[in-house]
Amino acid sequence: MSGEPANKGVPVSGEVRTRIAPAPSGDLHVGNVRTALFSWAFARRHQGHFLLRVEDTDASRATDEAFAATQEILHWVGLDWDEGPGVGGPYAPYRQSERRAVYDGALARLEASGHAYRAYSTAEELAARKAAAVAQGAKPTPGYDGYDRDLTDAQRAAYAAAGRPYVLRFRMPAGSTTFTDLVRGEITIDHRQIPDFALTRSDGSPLYVLAAAVDDMAMRLTHIVRGEDLLAATPRQLALYEALDYPRERWPQFAHLPLIVADDGKPLSKRNGEVSLRWYRDHGFLPAAMLNYLALLGWSLAPDRELFSVEEMVAAFDLARVSRNPARFDLKKLEAINGEKIRAMAEEELGEQLRPWLQAAGYAVDPAVLRAGVPLVQSRMVRLTEAPTLLGFLLVPENEFRLVDADLLTADSEAPLQASRDALAGLPAWASDPIEQALRVALVEGLGLKPRRAFGPVRVAVTGRRISPPLFESIELLGRDRTLGRLDGALAEVRGR
């Protein structure tokens, strides 16, 4: 396959068809969804088609639960697919476990043409041959050593007669592969780096490289967007295209996205960060924030522009602008973007987003209290999960109210608490401005306290916590009776020690 690049990275023309092809063996992780987002955005940018194909040929790992979870997460972030499970399409079925006949046909063609052969070596035999080579001072071949490539007919017949299991391996041709990656430019890989690779498991089921190559062509995909960890698979797939006589003008172009790394510079994984999209959903992140942030992991709308909508991303998206450098996942930056998205929401919409979090925490949500409380917390939140902590004091029944930060109330707190109660008890107008004025007169002017020392005990007394929404507005919403009752409770707490 030496010579002219297998695909030249020519400008997009004709219908664009991209895909995301997860293996349903666990939760979708941030890398999966970043890949899905870039594939989806590219298809939408060119009015093309985005496919969901499920790579579930490994029955030992694929589960129906993970398959359902995959679709659920993609729906949650808003990455809709034009063809695939639940939607259908002209190249159905889109679950590889239902396409075995297609792969068996391709495998038969490869074996009949001599591009694939039966390999009977066991893992133990391969290891023994490598150990023997090392003992003789030779450098062992990395990966598979090609032992079965040139078995005689008699050897193959003997293995077959003995019922010995085998896998089909692809006979990698000599030479090299050159292709144009839409992110990394022209790449050449010497085939000496690529041993003959397995196409099947010992039970005859197809492996990823075979099934992906066959389906990408069968489903007429034009662009394959995936992580750079799959870059080494590209020459294998191109060699399969050629061996199966797929016309070169129909070969898809490839774009390999940079790795997502953690703070330590190592690929993001369960060992050094949260990778599951479900975790981020369950910890109060908005879909719009996730998509915005994932887009920044290797791409940008414009210099110094970090906040944008998915519609703005689609309008400007170009694979040629994807960075080649690893992208560092920064939870704090994601939280900052999530906070900005929260602040940009309409108050009514945010209230509906917060309601389930409050209900899950056991609060009966009064619609009027929620409407009044949202403006107090909207500018303070970076995650939706903060709602119970910030608004719970307004919703909790008085007999269940607790001073969470009671340890901050000391003997020195008695005077400001009593002065606050006295000032508020006879206040004629119960509103935030007169509440603030009365407390400042009583505590700052009357007791000579600095604001932090003056209002800190009051905040803990009425909200139960050191950190809360704006104090005076909170007291207004809480109401006179509940406020005075909580001040009395805090005074009893201090005096009872």
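What follows is a talk about labels and the values behind them.

Guide: This is a predicted model, where local features need pLDDT of at least 70, side-chain atom pairs count only at pLDDT 80 or more, and totals for chains, interfaces and linings use all residues. Residues are numbered from 1 along each chain as its sequence is written, and side-chain values use heavy atoms, with hydrogens and water left out.

Visitor: Why is tyrosine 241 called buried?

Guide: Buried means under 20% relative accessible area, exposed means over 50%, and partly exposed lies in between, with a 1.4 Å probe and protein chains only. Tyrosine 241 has 0% relative accessibility, so it counts as buried. Tryptophan 251, at 6%, counts as buried too.

Visitor: What makes aspartate 245 exposed?

Guide: Its relative accessibility is 66%, so it counts as exposed. Aspartate 304 is exposed as well, with a relative accessible area of 82%.

Visitor: What is said about phi in aspartate 245?

Guide: Its phi is positive, about 60 degrees, although the residue is not a glycine. Most residues other than glycine have a negative phi. Aspartate 245 follows helix H7 and lies in the loop between H7 and S8. Phi of aspartate 304 is also positive, near 60 degrees. That residue sits in the loop between helix H9 (287–296) and helix H10 (310–316).

Visitor: What makes a run of residues a helix or a strand?

Guide: Both are DSSP runs, numbered from the N terminus: a helix is H or I with at least four residues, a strand is E with at least two. Leu238, Leu240 and Ala243 are among them.

Visitor: What makes S5 and S6 a pair?

Guide: Two strands pair if DSSP finds at least two bridges between them. S5 and S6 (residues 185–190) are joined by 6 bridges, so they pair. They run antiparallel. Threonine 178 stands opposite threonine 188 in S6. The two strands form a hairpin, with 3 residues between them.

Visitor: Why is the pair of tyrosine 241 and tryptophan 251 called tilted?

Guide: Rings of Phe, Tyr and Trp (its six-membered ring) pair if their centres lie within 6.5 Å; planes under 30 degrees apart count as stacked, over 60 as edge-to-face and the rest as tilted. A search of the whole structure finds 13 aromatic pairs. For tyrosine 241 and tryptophan 251, the centres are 5.4 Å apart and the planes 55 degrees apart, so the pair is tilted. Tyrosine 241 lies in H7 and tryptophan 251 in the loop between H7 and strand S8 (253–257), so the pair ties together parts that are 10 residues apart in sequence. Elsewhere, ring pairs link Trp279, Tyr280, Phe285, Tyr293 and Phe329 into a cluster.

Visitor: How do you know that the charged end of arginine 95 sits over a ring?

Guide: NZ of Lys or CZ of Arg must be within 6 Å of the ring centre and within 35 degrees of the ring normal. The charged end of arginine 95 is 3.9 Å from the ring centre of phenylalanine 67. Arginine 34 lies over the face of phenylalanine 38, at 5.8 Å from the ring centre.

Visitor: Which bond joins alanine 92 and proline 93?

Guide: A cis peptide bond, with omega about 5 degrees. Most peptide bonds are trans. Proline 93 is in the loop between helix H2 (64–77) and helix H3 (100–112).

Visitor: Where is valine 377, and is it buried or exposed?

Guide: Valine 377 is found in helix H13. At 1% relative accessibility, it counts as buried. Valine 377 and proline 469 are 92 residues apart in sequence, yet 5.8 Å apart in space, C-alpha to C-alpha.
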